Amino acid sequence: MKNLVKNIFLSLKGDAILRSINRTPRILFWHGVDYITDQKVEAESFDVQSFKKQIKYLDKYYEIISIEEFYYRYKHNKFTNKEVVLTFDDGYLNNLNVVCPILNNLNLPFTVFVSTEHIETGELFPTSIARLIIYGADLDIINVPYLKIHNEDISDTENRTIIYNKVINSLKSQPLEKVRKIISELKANLSDQDYTRLVEKFKSVKPMNWVEVKKLHNLGATIGSHCKYHICCHDNQDEKEVKAQIIESKNIIEEKLEAECKYFAYPNGNYTTASNDFIKTAGYKMGFSTEKNLKIENVKDTSIIPRIGVPLNINTFKIYINLYPKK
Ligand SMILES: [Zn+2]
């Protein structure tokens, strides 16, 4: 029924009407784009065909500009209000192998925000690990002692979802050292060999290494920071840790790429007053949040410029990106 309503809305050109009313620059974000084995396990990545449809739509109806051009227009108040900026979070290998060829073929600029520790070590991003272990590994029993999960039966879907939500909520709200503990306990449910096999099976979860990030940068992508570890900058984090994550990741990227790192995107969109100050003192030109509802012209703080996380389904996408931001 929901789909039917969307189809009728679109057949009546509802998206075009929304677009003509709701004129404002937009920054969109994705994570990965890849040939997907299982959408539930690889929830961070969109399949290639869906992504191509989305880009075709944007290219037809919007002006896709670089983040640099966005910054220029922001500073000089020169928006046409048809702008769209394409950004990708975390630093997946498929950003180089899949996204880059698609966008470069169309001459469309884009930005990738990378978490430098994951680039350095190859460690997967925390929520990827949770999905791999809980949804991808076919485990019947799971242990995460720190979260009081002891020999929990996850063979039925309902219990599996409960455990999954508990783990994800903790990963997004706990301080970094606790997140590391949860991650190591999650991984302990499998042998190293089984874990490696899982990563190969659901390969969209893989981060780039530095050689690959450099290659992406040389192919024209703008590289921004997404912290060192994929840390959520909320109030439960140690402020010194947040400061180090924001400042040091910038320095590392600049050293590795021999180019200025001007932009930052908050993992999971979490920020605090202090973290916003660190963005400015670190010397970033802009920081980006994930507040899909706020219009860019209504946010005065340049460390939390809003972005819209796009939905996978093409019809939902066509409505969603024209509907948001709402205020
Ligand atoms: Zn992220």
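Two conventions apply throughout. Residues are numbered from 1 along each chain as its sequence is written. Because the model is predicted, local features need pLDDT of at least 70 and side-chain atom pairs count only at pLDDT 80 or more, while totals for chains, interfaces and linings use all residues.

I begin with the domains. Domain 1 comprises 23-123 + 206-278 + 289-323, and domain 2 comprises 126-203; these bounds come from an automatic or database domain assignment. Taken over C-alpha atoms, the centres of the two domains are 26 Å apart. At their boundary, 18 residues of domain 1 are in contact with 15 residues of domain 2, where contact means that the C-beta atoms, placed from the backbone, lie within 7 Å. The side of domain 1 that touches domain 2 has five nonpolar, six polar and seven charged residues. In this classification, Ala, Val, Leu, Ile, Met, Phe, Trp, Tyr, Cys and Pro are nonpolar, Asp, Glu, Lys and Arg are charged, and the others, Gly among them, are polar.

I turn next to the strands. Helices (H or I, at least four residues) and strands (E, at least two) are DSSP runs numbered from the N terminus, and two strands pair if DSSP finds at least two bridges between them. Strand S1, residues 26-30, pairs in the parallel sense with strand S5, residues 83-90, over five bridges. Within that pairing, Trp30 stands opposite Phe88. S1 also pairs in the parallel sense with strand S12, residues 308-309, over two bridges, and Gly309 of S12 is the bridge partner of Phe29.

How enclosed is S1? Five of its five residues are buried, so the strand is largely enclosed by the rest of the structure. A residue is buried if 20 or more other C-beta atoms lie within 10 Å of its own, exposed if 12 or fewer, and partly exposed in between, with C-beta atoms placed from the backbone. Arg26, Leu28 and Trp30 point one way from S1, and Ile27 and Phe29 point the other way.

From S5 the pairing continues to strand S6, residues 111-114, in the parallel sense over four bridges. Asp90 stands opposite Val114 of S6. S6 pairs in turn with strand S9, residues 222-225, again parallel and over four bridges, and there Val114 has Ser225 as its bridge partner. In S6, Thr111 and Phe113 point one way and Val112 and Val114 the other, and all are buried. In S9, Thr222 and Gly224 point one way and Ile223 and Ser225 the other, and all of these are buried too.

In the loop between helix H4 (67-75) and S5 lies Asn81. It has 13 C-beta neighbours inside 10 Å and therefore counts as partly exposed. Not counting residues up to four places away in sequence, Asn81 touches Arg23, Thr24 and Pro25.

Now to the helices. Which residues of helix H7 are buried? They are Pro126, Thr127, Ser128, Ile129, Ala130, Arg131, Leu132, Ile133, Ile134, Tyr135 and Gly136. That is 11 of the 11 residues of H7, so this helix is largely enclosed by the rest of the structure. Its cover includes strand S7 (141-144), helix H8 (157-173), helix H9 (176-187) and helix H10 (192-201).

Helix H3, residues 48-61, packs against helix H14, residues 314-323, at an angle of about 35 degrees, with the axes 10 Å apart. Here axes are lines fitted to C-alpha atoms, for helices over the stretch in contact, and angles run from 0 to 180 degrees between N-to-C directions. The contact is made by Ser50, Lys53, Gln54 and Tyr57 of H3 and by Ile314, Phe317 and Lys318 of H14. By class, these are three nonpolar, two polar and two charged residues.

I close with some backbone details. Asp138, in the loop between H7 and S7, has a positive phi of about 60 degrees although it is not a glycine. With 9 other C-beta atoms within 10 Å, Asp138 is exposed. Asn268 lies in the loop between strand S10 (263-265) and helix H13, and its phi is also positive, near 60 degrees. Asn268 has 18 C-beta neighbours inside 10 Å and so counts as partly exposed. Finally, the peptide bond from Tyr324 to Pro325 is cis, with omega near -5 degrees, and Pro325 sits in the segment after H14.

Terms used: Contact = placed C-beta atoms within 7 Å.
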